[in-house]
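Visitor: I have not seen this structure before. Could you take me through it, one contact surface at a time?

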Amino acid sequence: MPVQRLLIANRGEIAVRIIRAAQAMGIHTIQAHSEADADMLAVRLADEAVWIGPAQATQSYLNVEAVVAAAKATKADAVHPGYGFLAENAGFVRALDAAGITFVGPSADTIDRMGDKVAARQAAQAAGVPVVPGSKGRLDTVDDAVAVAADLGYPVMIKAAAGGGGKGIRIAQSEEDLRKMAPQAQAEAKAAFGDGGLYLERAILAPRHIEVQIMGDGTDAVHYFERECSMQRRRQKVWEEAGAACLDEATRTHLCDTAVALAKAVEYVGAGTLEYLYDSATKEFYFIEMNTRIQVEHPVTEMLTGVDLVQEMIHVAGGGKLRQRQQDITRNGHAIEVRLNAEDPMLQFMPNPGRISALTLPAGENIRFDHFLYEGYQIPPFYDSLLGKLIVHAATREAAIDLLITALEQLEIGGIKTTKALHLALARDKDVRADDIHTQWLEPWLAAGNLKPTH
Amino acid sequence: MTQIFSPVPGTFYTQSAPGEALFKQPGDAVTAGDVVGLVEVMKTFIEVKAETAGTFGAYLVEDGAAIGAGEPFAELKD
(Lines give C-alpha, C1' and ligand atoms only; values in the text may rest on other atoms or scores of the structure.)
Protein backbone atom coordinates (compact mmCIF):
# COMPACT_ATOMS: atom_id res chain seq x y z
CA MET A 1 0.00 0.00 0.00
CA PRO A 2 1.52 3.33 -1.01
CA VAL A 3 2.11 5.64 1.96
CA GLN A 4 -0.70 8.18 2.41
CA ARG A 5 -0.20 9.63 5.89
CA LEU A 6 3.44 9.91 6.99
CA LEU A 7 4.56 10.70 10.52
CA ILE A 8 8.03 12.27 10.67
CA ALA A 9 9.70 11.05 13.89
CA ASN A 10 12.65 13.41 13.79
CA ARG A 11 13.50 17.11 13.85
CA GLY A 12 15.82 19.72 12.38
CA GLU A 13 16.91 19.80 8.78
CA ILE A 14 16.11 16.16 8.02
CA ALA A 15 12.47 16.60 9.11
CA VAL A 16 12.17 19.50 6.64
CA ARG A 17 13.81 17.37 3.94
CA ILE A 18 11.38 14.47 4.51
CA ILE A 19 8.32 16.75 4.53
CA ARG A 20 9.33 18.29 1.21
CA ALA A 21 9.89 14.86 -0.36
CA ALA A 22 6.59 13.47 0.95
CA GLN A 23 4.53 16.50 -0.03
CA ALA A 24 5.94 16.31 -3.56
CA MET A 25 4.57 12.74 -3.66
CA GLY A 26 1.11 13.95 -2.56
CA ILE A 27 1.48 12.43 0.92
CA HIS A 28 -0.15 14.00 4.00
CA THR A 29 2.65 14.89 6.45
CA ILE A 30 2.44 14.78 10.23
CA GLN A 31 5.37 16.24 12.18
CA ALA A 32 6.12 14.82 15.64
CA HIS A 33 7.76 17.34 17.94
CA SER A 34 8.95 17.84 21.50
CA GLU A 35 8.01 20.71 23.77
CA ALA A 36 11.15 22.59 22.69
CA ASP A 37 10.41 22.20 18.98
CA ALA A 38 6.86 23.55 18.70
CA ASP A 39 8.05 26.44 16.52
CA MET A 40 10.59 24.62 14.36
CA LEU A 41 10.39 24.95 10.59
CA ALA A 42 9.22 21.36 10.03
CA VAL A 43 6.18 21.96 12.27
CA ARG A 44 5.30 25.03 10.22
CA LEU A 45 5.65 23.18 6.90
CA ALA A 46 3.87 19.95 7.83
CA ASP A 47 0.17 19.45 7.17
CA GLU A 48 -0.29 18.49 10.82
CA ALA A 49 1.83 18.39 13.98
CA VAL A 50 1.71 16.22 17.09
CA TRP A 51 3.33 16.73 20.50
CA ILE A 52 5.32 13.72 21.73
CA GLY A 53 6.87 14.86 25.00
CA PRO A 54 9.23 17.18 26.87
CA ALA A 55 12.40 18.71 25.44
CA GLN A 56 14.75 15.91 26.52
CA ALA A 57 15.13 13.49 23.62
CA THR A 58 14.87 10.44 25.90
CA GLN A 59 11.34 11.55 26.75
CA SER A 60 10.32 12.54 23.22
CA TYR A 61 12.21 11.59 20.02
CA LEU A 62 13.73 8.52 21.68
CA ASN A 63 10.54 7.47 23.45
CA VAL A 64 9.19 4.48 21.47
CA GLU A 65 5.83 4.42 23.26
CA ALA A 66 5.23 8.14 22.76
CA VAL A 67 6.10 8.05 19.05
CA VAL A 68 3.99 4.95 18.36
CA ALA A 69 1.08 6.49 20.30
CA ALA A 70 1.40 9.69 18.23
CA ALA A 71 1.40 7.68 15.00
CA LYS A 72 -1.77 5.85 16.08
CA ALA A 73 -3.50 9.01 17.31
CA THR A 74 -2.88 10.81 14.01
CA LYS A 75 -3.83 7.72 11.93
CA ALA A 76 -0.41 7.66 10.25
CA ASP A 77 0.06 4.64 7.98
CA ALA A 78 3.86 5.05 7.94
CA VAL A 79 6.67 6.58 10.01
CA HIS A 80 9.89 8.06 8.64
CA PRO A 81 12.62 7.99 11.31
CA GLY A 82 15.21 10.22 9.56
CA TYR A 83 18.70 9.58 10.98
CA GLY A 84 19.74 9.19 14.62
CA PHE A 85 17.03 8.89 17.33
CA LEU A 86 14.97 5.74 16.52
CA ALA A 87 16.24 5.23 12.96
CA GLU A 88 18.13 2.02 13.79
CA ASN A 89 16.09 0.80 16.74
CA ALA A 90 14.69 -2.67 16.00
CA GLY A 91 12.38 -2.50 19.03
CA PHE A 92 10.74 0.59 17.57
CA VAL A 93 10.21 -1.17 14.24
CA ARG A 94 8.63 -4.16 16.04
CA ALA A 95 6.31 -1.83 17.97
CA LEU A 96 5.21 -0.21 14.69
CA ASP A 97 4.75 -3.67 13.10
CA ALA A 98 2.50 -4.66 16.01
CA ALA A 99 0.44 -1.51 15.45
CA GLY A 100 0.14 -2.20 11.72
CA ILE A 101 2.14 0.90 10.80
CA THR A 102 4.85 0.84 8.11
CA PHE A 103 8.43 1.77 9.05
CA VAL A 104 10.26 3.61 6.26
CA GLY A 105 13.38 1.46 6.35
CA PRO A 106 14.43 -2.19 6.58
CA SER A 107 12.86 -4.88 8.76
CA ALA A 108 13.60 -5.18 12.48
CA ASP A 109 15.53 -8.40 11.79
CA THR A 110 17.75 -6.69 9.19
CA ILE A 111 18.45 -3.83 11.60
CA ASP A 112 19.39 -6.35 14.30
CA ARG A 113 21.62 -8.31 11.96
CA MET A 114 23.46 -5.34 10.50
CA GLY A 115 23.73 -3.68 13.91
CA ASP A 116 25.70 -6.66 15.24
CA LYS A 117 29.34 -6.19 14.15
CA VAL A 118 30.15 -9.90 13.95
CA ALA A 119 26.95 -10.84 12.13
CA ALA A 120 27.39 -7.91 9.73
CA ARG A 121 30.98 -8.95 9.01
CA GLN A 122 29.86 -12.52 8.31
CA ALA A 123 27.05 -11.35 6.01
CA ALA A 124 29.52 -9.11 4.20
CA GLN A 125 32.07 -11.90 3.75
CA ALA A 126 29.38 -14.28 2.52
CA ALA A 127 28.37 -11.73 -0.13
CA GLY A 128 31.96 -11.27 -1.29
CA VAL A 129 32.52 -7.87 0.37
CA PRO A 130 36.15 -7.54 1.54
CA VAL A 131 36.64 -7.19 5.30
CA VAL A 132 39.82 -6.24 7.15
CA PRO A 133 42.04 -9.35 6.92
CA GLY A 134 42.61 -10.94 10.31
CA SER A 135 43.56 -14.17 12.03
CA LYS A 136 40.86 -16.84 11.90
CA GLY A 137 40.80 -17.38 15.62
CA ARG A 138 42.93 -16.89 18.72
CA LEU A 139 46.71 -17.17 18.53
CA ASP A 140 48.49 -18.68 21.52
CA THR A 141 52.16 -18.50 20.59
CA VAL A 142 54.43 -15.85 19.15
CA ASP A 143 55.39 -18.20 16.30
CA ASP A 144 51.72 -18.64 15.38
CA ALA A 145 51.36 -14.86 15.32
CA VAL A 146 54.45 -14.45 13.13
CA ALA A 147 53.15 -17.06 10.67
CA VAL A 148 49.75 -15.36 10.41
CA ALA A 149 51.31 -11.89 10.08
CA ALA A 150 53.39 -13.10 7.15
CA ASP A 151 50.10 -13.88 5.34
CA LEU A 152 48.32 -10.70 6.38
CA GLY A 153 51.20 -8.39 5.55
CA TYR A 154 52.69 -5.70 7.82
CA PRO A 155 51.84 -3.48 9.59
CA VAL A 156 49.58 -5.62 11.77
CA MET A 157 47.42 -4.67 14.72
CA ILE A 158 47.80 -6.90 17.79
CA LYS A 159 44.67 -7.21 19.91
CA ALA A 160 43.66 -9.33 22.88
CA ALA A 161 41.33 -12.12 21.67
CA ALA A 162 39.25 -11.77 24.83
CA GLY A 163 39.35 -8.01 24.96
CA GLY A 164 37.55 -5.13 23.42
CA GLY A 165 37.38 -1.40 23.45
CA GLY A 166 40.86 -0.85 22.10
CA LYS A 167 42.66 -1.92 25.29
CA GLY A 168 46.19 -3.18 24.72
CA ILE A 169 46.20 -2.63 20.96
CA ARG A 170 49.69 -2.48 19.46
CA ILE A 171 50.85 -1.92 15.90
CA ALA A 172 53.81 -3.97 14.66
CA GLN A 173 55.61 -2.69 11.55
CA SER A 174 57.79 -5.77 11.11
CA GLU A 175 58.43 -9.31 12.33
CA GLU A 176 61.04 -7.92 14.72
CA ASP A 177 58.40 -5.59 16.21
CA LEU A 178 55.90 -8.41 16.44
CA ARG A 179 58.33 -10.76 18.24
CA LYS A 180 58.97 -8.00 20.77
CA MET A 181 55.37 -6.83 21.19
CA ALA A 182 53.47 -10.13 21.11
CA PRO A 183 54.78 -11.37 24.49
CA GLN A 184 53.99 -7.96 26.03
CA ALA A 185 50.50 -8.10 24.58
CA GLN A 186 50.05 -11.67 25.85
CA ALA A 187 51.10 -10.70 29.38
CA GLU A 188 48.83 -7.67 29.32
CA ALA A 189 45.88 -9.65 27.97
CA LYS A 190 46.42 -12.33 30.62
CA ALA A 191 46.47 -9.69 33.34
CA ALA A 192 43.46 -7.76 32.02
CA PHE A 193 41.22 -10.57 30.82
CA GLY A 194 42.71 -13.74 32.36
CA ASP A 195 43.35 -14.98 28.82
CA GLY A 196 46.59 -14.41 26.96
CA GLY A 197 45.14 -15.26 23.53
CA LEU A 198 45.88 -12.75 20.78
CA TYR A 199 44.14 -11.70 17.58
CA LEU A 200 45.91 -10.13 14.61
CA GLU A 201 44.43 -7.81 12.02
CA ARG A 202 46.02 -5.94 9.14
CA ALA A 203 46.57 -2.34 10.30
CA ILE A 204 45.16 0.20 7.88
CA LEU A 205 47.04 3.38 8.67
CA ALA A 206 45.58 6.77 7.79
CA PRO A 207 42.79 5.25 5.68
CA ARG A 208 40.12 7.08 3.79
CA HIS A 209 36.46 6.64 4.68
CA ILE A 210 34.46 5.67 1.63
CA GLU A 211 30.85 4.54 1.62
CA VAL A 212 28.37 3.22 -0.92
CA GLN A 213 24.72 4.28 -1.10
CA ILE A 214 22.36 1.42 -1.83
CA MET A 215 18.58 1.06 -2.10
CA GLY A 216 16.57 -2.14 -2.04
CA ASP A 217 12.93 -3.14 -2.48
CA GLY A 218 13.18 -6.57 -0.83
CA THR A 219 14.03 -8.49 -3.98
CA ASP A 220 16.17 -6.18 -6.07
CA ALA A 221 18.83 -3.67 -5.05
CA VAL A 222 20.85 -0.94 -6.76
CA HIS A 223 23.70 1.37 -5.80
CA TYR A 224 24.02 5.11 -6.35
CA PHE A 225 27.82 5.07 -6.34
CA GLU A 226 30.11 6.10 -3.51
CA ARG A 227 30.83 9.02 -1.21
CA GLU A 228 34.17 10.20 0.19
CA CYS A 229 33.81 11.18 3.88
CA SER A 230 37.35 11.24 5.23
CA MET A 231 37.20 14.80 6.55
CA GLN A 232 36.31 14.03 10.15
CA ARG A 233 36.76 15.54 13.58
CA ARG A 234 36.22 13.29 16.58
CA ARG A 235 34.75 10.67 14.23
CA GLN A 236 32.11 13.16 13.07
CA LYS A 237 31.99 13.89 9.37
CA VAL A 238 32.58 17.51 8.51
CA TRP A 239 32.74 17.61 4.69
CA GLU A 240 31.55 14.93 2.24
CA GLU A 241 31.94 14.36 -1.48
CA ALA A 242 30.39 12.26 -4.24
CA GLY A 243 32.14 10.54 -5.84
CA ALA A 244 35.47 9.62 -4.43
CA ALA A 245 37.99 11.17 -6.81
CA CYS A 246 40.73 8.84 -5.53
CA LEU A 247 39.09 5.69 -6.96
CA ASP A 248 39.87 4.28 -10.38
CA GLU A 249 36.99 2.87 -12.41
CA ALA A 250 37.79 -0.79 -11.71
CA THR A 251 37.97 -0.24 -7.94
CA ARG A 252 34.75 1.80 -7.99
CA THR A 253 32.92 -0.94 -9.90
CA HIS A 254 34.13 -3.65 -7.52
CA LEU A 255 33.23 -1.56 -4.46
CA CYS A 256 29.71 -0.75 -5.67
CA ASP A 257 28.91 -4.18 -7.12
CA THR A 258 29.82 -6.04 -3.92
CA ALA A 259 27.72 -3.55 -1.91
CA VAL A 260 24.71 -4.44 -4.08
CA ALA A 261 25.46 -8.14 -3.59
CA LEU A 262 25.25 -7.68 0.18
CA ALA A 263 22.02 -5.66 -0.09
CA LYS A 264 20.44 -8.38 -2.22
CA ALA A 265 21.71 -11.16 0.06
CA VAL A 266 19.89 -9.64 3.06
CA GLU A 267 16.77 -8.78 0.97
CA TYR A 268 17.23 -5.16 1.92
CA VAL A 269 14.31 -2.69 1.89
CA GLY A 270 14.95 1.05 1.86
CA ALA A 271 18.07 3.23 1.82
CA GLY A 272 21.30 1.94 3.30
CA THR A 273 24.99 2.74 3.37
CA LEU A 274 27.96 0.40 3.49
CA GLU A 275 30.97 2.02 5.09
CA TYR A 276 34.52 1.09 4.19
CA LEU A 277 38.10 1.90 5.05
CA TYR A 278 40.09 2.52 1.88
CA ASP A 279 43.85 2.26 1.62
CA SER A 280 44.88 4.63 -1.19
CA ALA A 281 48.36 3.09 -1.38
CA THR A 282 47.20 -0.47 -2.10
CA LYS A 283 43.77 0.49 -3.56
CA GLU A 284 42.16 -2.01 -1.20
CA PHE A 285 38.90 -1.44 0.63
CA TYR A 286 37.50 -3.12 3.71
CA PHE A 287 33.92 -3.21 4.98
CA ILE A 288 33.43 -1.67 8.45
CA GLU A 289 29.68 -1.51 8.95
CA MET A 290 26.31 -0.93 7.37
CA ASN A 291 24.03 1.93 8.33
CA THR A 292 20.39 1.00 7.80
CA ARG A 293 19.03 4.53 7.38
CA ILE A 294 19.20 7.62 5.22
CA GLN A 295 22.41 9.48 6.09
CA VAL A 296 23.12 13.13 6.73
CA GLU A 297 25.28 13.32 3.62
CA HIS A 298 22.75 11.77 1.19
CA PRO A 299 22.35 15.05 -0.78
CA VAL A 300 25.76 14.74 -2.46
CA THR A 301 24.60 11.45 -3.95
CA GLU A 302 21.35 13.09 -5.06
CA MET A 303 23.30 15.85 -6.80
CA LEU A 304 25.62 13.32 -8.44
CA THR A 305 22.87 11.01 -9.72
CA GLY A 306 19.82 13.28 -9.97
CA VAL A 307 17.74 10.86 -7.87
CA ASP A 308 15.61 11.87 -4.86
CA LEU A 309 16.66 9.17 -2.37
CA VAL A 310 14.12 10.17 0.29
CA GLN A 311 11.23 9.86 -2.18
CA GLU A 312 12.62 6.54 -3.34
CA MET A 313 12.80 5.10 0.18
CA ILE A 314 9.21 6.19 0.89
CA HIS A 315 8.18 4.59 -2.40
CA VAL A 316 9.73 1.19 -1.59
CA ALA A 317 8.43 1.35 2.00
CA GLY A 318 4.94 1.58 0.50
CA GLY A 319 5.54 -1.71 -1.32
CA GLY A 320 6.77 -0.16 -4.57
CA LYS A 321 9.47 -1.73 -6.71
CA LEU A 322 12.68 0.15 -7.47
CA ARG A 323 11.95 2.62 -10.25
CA GLN A 324 15.42 2.51 -11.77
CA ARG A 325 17.55 -0.25 -13.11
CA GLN A 326 21.24 -0.08 -12.30
CA GLN A 327 22.13 0.89 -15.86
CA ASP A 328 19.79 3.90 -15.62
CA ILE A 329 21.69 5.35 -12.66
CA THR A 330 24.61 7.45 -13.83
CA ARG A 331 27.07 9.78 -12.18
CA ASN A 332 27.47 13.29 -13.40
CA GLY A 333 30.23 15.68 -12.28
CA HIS A 334 31.18 16.09 -8.64
CA ALA A 335 29.25 17.18 -5.52
CA ILE A 336 30.46 18.47 -2.14
CA GLU A 337 28.53 18.97 1.09
CA VAL A 338 29.72 20.85 4.16
CA ARG A 339 28.00 20.77 7.53
CA LEU A 340 27.17 24.11 9.09
CA ASN A 341 27.08 23.54 12.84
CA ALA A 342 26.20 25.93 15.65
CA GLU A 343 29.73 25.69 17.01
CA ASP A 344 32.58 28.16 17.36
CA PRO A 345 35.52 26.68 15.43
CA MET A 346 37.86 29.22 17.05
CA LEU A 347 36.88 28.03 20.54
CA GLN A 348 37.33 24.24 20.42
CA PHE A 349 34.01 23.95 18.57
CA MET A 350 32.05 25.08 21.62
CA PRO A 351 28.31 24.65 20.93
CA ASN A 352 26.67 27.96 20.35
CA PRO A 353 22.88 27.84 20.36
CA GLY A 354 21.10 31.15 20.04
CA ARG A 355 18.65 33.20 18.03
CA ILE A 356 19.02 33.56 14.26
CA SER A 357 19.09 37.34 13.85
CA ALA A 358 19.56 37.38 10.08
CA LEU A 359 19.69 34.83 7.32
CA THR A 360 21.01 35.20 3.78
CA LEU A 361 20.95 32.02 1.74
CA PRO A 362 23.24 31.41 -1.21
CA ALA A 363 21.37 31.30 -4.49
CA GLY A 364 22.30 29.97 -7.85
CA GLU A 365 22.28 26.93 -10.02
CA ASN A 366 23.85 23.82 -8.55
CA ILE A 367 23.73 25.22 -5.03
CA ARG A 368 21.48 23.61 -2.42
CA PHE A 369 21.11 24.44 1.27
CA ASP A 370 19.21 21.89 3.38
CA HIS A 371 18.39 23.55 6.70
CA PHE A 372 15.68 24.39 9.26
CA LEU A 373 16.41 28.03 9.93
CA TYR A 374 14.37 31.21 9.70
CA GLU A 375 15.00 34.73 10.97
CA GLY A 376 14.04 34.97 14.64
CA TYR A 377 14.30 31.22 15.22
CA GLN A 378 15.68 30.30 18.64
CA ILE A 379 17.83 27.17 18.28
CA PRO A 380 17.14 24.87 21.21
CA PRO A 381 20.19 23.57 23.14
CA PHE A 382 18.82 20.06 23.64
CA TYR A 383 19.77 18.43 20.34
CA ASP A 384 22.76 18.23 18.03
CA SER A 385 24.40 21.30 16.58
CA LEU A 386 23.71 20.72 12.86
CA LEU A 387 22.04 23.82 11.39
CA GLY A 388 22.19 22.96 7.75
CA LYS A 389 24.15 21.45 4.90
CA LEU A 390 25.47 23.44 1.98
CA ILE A 391 25.74 21.29 -1.14
CA VAL A 392 27.29 22.27 -4.46
CA HIS A 393 27.56 20.45 -7.76
CA ALA A 394 29.89 21.13 -10.69
CA ALA A 395 31.50 19.40 -13.64
CA THR A 396 34.76 18.75 -11.80
CA ARG A 397 35.96 18.56 -8.19
CA GLU A 398 38.05 21.67 -8.69
CA ALA A 399 35.04 23.64 -9.99
CA ALA A 400 32.89 22.30 -7.15
CA ILE A 401 35.38 23.66 -4.56
CA ASP A 402 35.33 27.06 -6.34
CA LEU A 403 31.52 27.07 -6.27
CA LEU A 404 31.58 26.06 -2.61
CA ILE A 405 33.68 29.14 -1.78
CA THR A 406 31.26 31.39 -3.71
CA ALA A 407 28.26 29.86 -1.93
CA LEU A 408 29.87 30.02 1.52
CA GLU A 409 30.71 33.69 0.99
CA GLN A 410 27.04 34.37 0.17
CA LEU A 411 25.74 32.44 3.19
CA GLU A 412 25.18 34.60 6.27
CA ILE A 413 23.77 33.12 9.45
CA GLY A 414 23.51 36.02 11.90
CA GLY A 415 23.34 35.89 15.68
CA ILE A 416 25.38 32.77 16.33
CA LYS A 417 28.83 31.33 15.65
CA THR A 418 28.95 28.63 12.96
CA THR A 419 31.53 26.42 11.29
CA LYS A 420 31.44 28.48 8.08
CA ALA A 421 34.98 29.81 8.69
CA LEU A 422 36.31 26.26 8.96
CA HIS A 423 34.84 25.31 5.58
CA LEU A 424 36.20 28.40 3.85
CA ALA A 425 39.67 27.63 5.22
CA LEU A 426 39.41 23.99 4.14
CA ALA A 427 38.22 24.93 0.67
CA ARG A 428 41.34 27.10 0.26
CA ASP A 429 43.77 24.52 1.65
CA LYS A 430 46.23 23.00 -0.83
CA ASP A 431 45.91 19.43 0.52
CA VAL A 432 42.13 19.62 0.25
CA ARG A 433 42.42 21.04 -3.27
CA ALA A 434 44.79 18.19 -4.16
CA ASP A 435 42.43 15.63 -2.52
CA ASP A 436 45.39 14.54 -0.41
CA ILE A 437 43.48 13.80 2.80
CA HIS A 438 42.43 10.87 5.00
CA THR A 439 40.53 10.24 8.22
CA GLN A 440 43.48 11.30 10.40
CA TRP A 441 44.11 14.55 8.51
CA LEU A 442 41.77 17.18 9.98
CA GLU A 443 42.57 16.96 13.68
CA PRO A 444 46.36 17.52 13.28
CA TRP A 445 45.56 20.28 10.77
CA LEU A 446 43.44 22.03 13.40
CA ALA A 447 45.97 21.36 16.17
CA ALA A 448 48.69 22.97 14.02
CA GLY A 449 46.73 26.23 14.01
CA ASN A 450 45.75 26.22 10.35
CA LEU A 451 42.40 27.79 11.14
CA LYS A 452 43.03 31.46 11.80
CA PRO A 453 40.62 34.25 12.74
CA THR A 454 39.66 36.13 9.59
CA HIS A 455 38.02 39.22 11.09
CA MET B 1 25.27 34.88 49.27
CA THR B 2 26.88 34.33 45.85
CA GLN B 3 25.09 32.71 42.95
CA ILE B 4 26.70 30.49 40.32
CA PHE B 5 25.43 30.85 36.77
CA SER B 6 25.31 28.59 33.75
CA PRO B 7 27.31 30.11 30.87
CA VAL B 8 25.25 28.25 28.26
CA PRO B 9 21.68 27.04 27.86
CA GLY B 10 21.02 23.32 28.08
CA THR B 11 20.24 20.54 30.52
CA PHE B 12 21.65 20.90 34.02
CA TYR B 13 23.16 18.07 36.09
CA THR B 14 24.17 18.05 39.76
CA GLN B 15 26.54 15.09 39.33
CA SER B 16 29.02 13.81 36.73
CA ALA B 17 26.92 10.73 35.88
CA PRO B 18 23.76 9.01 37.16
CA GLY B 19 24.50 7.28 40.47
CA GLU B 20 27.60 9.38 41.17
CA ALA B 21 27.83 11.66 44.21
CA LEU B 22 26.58 15.23 43.87
CA PHE B 23 29.34 17.71 42.99
CA LYS B 24 28.58 19.54 46.24
CA GLN B 25 26.36 19.00 49.28
CA PRO B 26 25.01 21.84 51.46
CA GLY B 27 27.74 22.82 53.89
CA ASP B 28 30.63 21.57 51.71
CA ALA B 29 33.62 23.84 51.36
CA VAL B 30 34.03 25.25 47.86
CA THR B 31 37.37 26.41 46.46
CA ALA B 32 37.59 28.58 43.36
CA GLY B 33 37.94 26.19 40.40
CA ASP B 34 35.86 23.38 41.95
CA VAL B 35 33.37 21.83 39.55
CA VAL B 36 29.88 22.58 40.90
CA GLY B 37 27.65 21.72 37.97
CA LEU B 38 27.47 20.14 34.53
CA VAL B 39 25.51 21.50 31.57
CA GLU B 40 24.74 19.49 28.47
CA VAL B 41 24.46 21.72 25.43
CA MET B 42 24.01 20.20 21.98
CA LYS B 43 25.35 16.82 23.10
CA THR B 44 28.47 18.42 24.61
CA PHE B 45 29.05 18.44 28.36
CA ILE B 46 30.43 21.61 29.91
CA GLU B 47 31.70 21.65 33.49
CA VAL B 48 30.85 24.79 35.41
CA LYS B 49 33.40 25.81 38.04
CA ALA B 50 33.08 28.07 41.06
CA GLU B 51 34.82 31.39 40.56
CA THR B 52 35.03 32.20 44.27
CA ALA B 53 35.51 30.23 47.47
CA GLY B 54 32.75 29.75 50.03
CA THR B 55 30.44 27.25 51.62
CA PHE B 56 27.96 25.46 49.40
CA GLY B 57 24.37 26.49 50.09
CA ALA B 58 22.04 24.64 47.73
CA TYR B 59 21.25 23.80 44.12
CA LEU B 60 18.54 26.05 42.70
CA VAL B 61 17.88 23.82 39.68
CA GLU B 62 16.91 20.16 39.73
CA ASP B 63 19.15 17.50 38.24
CA GLY B 64 18.15 16.94 34.60
CA ALA B 65 16.17 20.19 34.31
CA ALA B 66 16.42 22.72 31.49
CA ILE B 67 18.54 25.79 32.20
CA GLY B 68 18.96 29.06 30.34
CA ALA B 69 22.20 30.94 29.60
CA GLY B 70 23.01 33.18 32.57
CA GLU B 71 20.52 31.44 34.84
CA PRO B 72 21.74 30.77 38.42
CA PHE B 73 21.88 27.11 39.47
CA ALA B 74 23.53 27.19 42.90
CA GLU B 75 24.16 29.44 45.89
CA LEU B 76 27.33 29.83 47.95
CA LYS B 77 27.33 31.17 51.49
CA ASP B 78 30.26 33.55 51.86
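Guide: A salt bridge here is a side-chain nitrogen of Lys or Arg within 4 Å of a carboxyl oxygen of Asp or Glu. The model is predicted.

Visitor: How far apart are the closest N and O atoms of Asp308(A) and Arg17(A)?
Guide: A salt bridge needs such a nitrogen and oxygen within 4 Å. Asp308(A) and Arg17(A) form one, and the distance between their closest N and O atoms is 2.8 Å.

Visitor: Which domains does the assignment give for chain A?
Guide: The bounds come from a domain assignment. In chain A it gives domain 1 (5-104), domain 2 (142-202) and domain 3 (208-447).

Visitor: How many residues does domain 1 of chain A bring to the contact with domain 3 of chain A?
Guide: The C-alpha centres of these two domains of chain A are 23 Å apart. Domain 3 of chain A takes part in the contact with 30 residues, and domain 1 of chain A with 33 residues.

Visitor: How much area do domain 1 and domain 3 of chain A bury between them?
Guide: Carbon and sulfur atoms account for 64% of the area buried between domain 1 of chain A and domain 3 of chain A. The total for the two is about 2400 Å².

Visitor: Across that interface, how many residue pairs are in polar contact?
Guide: The rule finds four salt bridges across the interface of domain 1 of chain A and domain 3 of chain A. For polar contact, with both residues at pLDDT 80 or more, the number of residue pairs there is ten.

Visitor: Which element gives the most to the side of domain 1 of chain A that touches domain 3 of chain A?
Guide: The elements giving two or more residues to that side are α1 (12-24), α2 (41-45) and β5 (102-103) of chain A. With nine residues, the one that gives the most is α1(A).

Visitor: What area is buried between chain B and chain A?
Guide: In this contact, twelve residues of chain B meet 13 residues of chain A. Carbon and sulfur atoms give 73% of the buried area, which is about 910 Å².

Visitor: Which residues of chain B lose the most area to chain A?
Guide: Three residues together make up 55% of what the chain B side buries. They are Pro9(B), Met42(B) and Lys43(B).

Visitor: How many salt bridges does the rule find across the interface of chain B and chain A?
Guide: Two residue pairs are in polar contact between chain B and chain A, both residues at pLDDT 80 or more. The number of salt bridges found across this interface is zero.

Note on methods. Residues are numbered from 1 along each chain as its sequence is written. Chains are lettered from A and ligands numbered from 1 in the order in which they are written. This is a predicted model: local features need pLDDT of at least 70, side-chain atom pairs count only at pLDDT 80 or more; totals for chains, interfaces and linings use all residues. Side-chain values use heavy atoms; hydrogens and water are left out. Domain bounds come from an automatic or database domain assignment. Contact means heavy atoms within 4.5 Å. Buried area is the accessible area (1.4 Å probe) that two parts lose on being put together, summed over both. A polar contact is a pair of N or O atoms within 3.5 Å; within protein, one must be able to donate a hydrogen and the other to accept it, and residues adjacent in sequence count only if both atoms are side-chain atoms. Helices (H or I, at least four residues) and strands (E, at least two) are DSSP runs, numbered from the N terminus.
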